[in-house]
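Colleague: I am new to this structure and would like to learn how to read its helices and its core. Please take me through them in turn.

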Amino acid sequence: MDEGSRLTRQEISETATGWGWRHILGALVTFVRAGSVGEAADLTARMTAFLGDVSGHRFRIDLRADRVIMTIEAAGAMRVSRRDIELAQRISSFMGTLGL
């Protein structure tokens, strides 16, 4: 499938679900459990340092006392793109290196 082709909901779900992401209302959403706010903040700092610039995405991080919730949406679109899927995969791979 080429970069510009539109992904179906089924394709998005089948791809992202294997990494722990869910396709909800045109966005990819996942979470990682944390033992404390400090642990969640440390995880967030390490992840954003690893990711670098994520322009072109609306990438949100919601820090909670017991988890970090991550949401990826394509900027200016209500649909998930191939680039969004690739970002989700990068995040999941990074989390895997941390044993999460």
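**Helices and core**

Modeller: Helix α2 (residues 37-51) has 15 residues and spans 21 Å from its first C-alpha to its last, close to the 21 Å expected at 1.5 Å a residue. Helices (H or I, at least four residues) and strands (E, at least two) are DSSP runs, numbered from the N terminus. The expected span is 1.5 Å times one less than the number of residues. This is a predicted model: local features need pLDDT of at least 70, side-chain atom pairs count only at pLDDT 80 or more, and totals for chains, interfaces and linings use all residues. Residues are numbered from 1 along each chain as its sequence is written, and side-chain values use heavy atoms, with hydrogens and water left out.

Colleague: What follows α2?

Modeller: Glycine 52, with a positive phi near 70°.

Colleague: Which members of the largest nonpolar core touch the most others?

Modeller: A nonpolar core is a set of buried Ala, Val, Leu, Ile, Met, Phe, Trp, Tyr and Cys residues joined through side-chain atoms within 4.5 Å. Here the largest has 23 residues, and Leu28, Met70 and Ile91 touch the most other members. α3 gives the most to this core, with six residues.

Notes:
Buried < 20%, exposed > 50% of the residue type's maximum accessible area, 1.4 Å probe, protein only.
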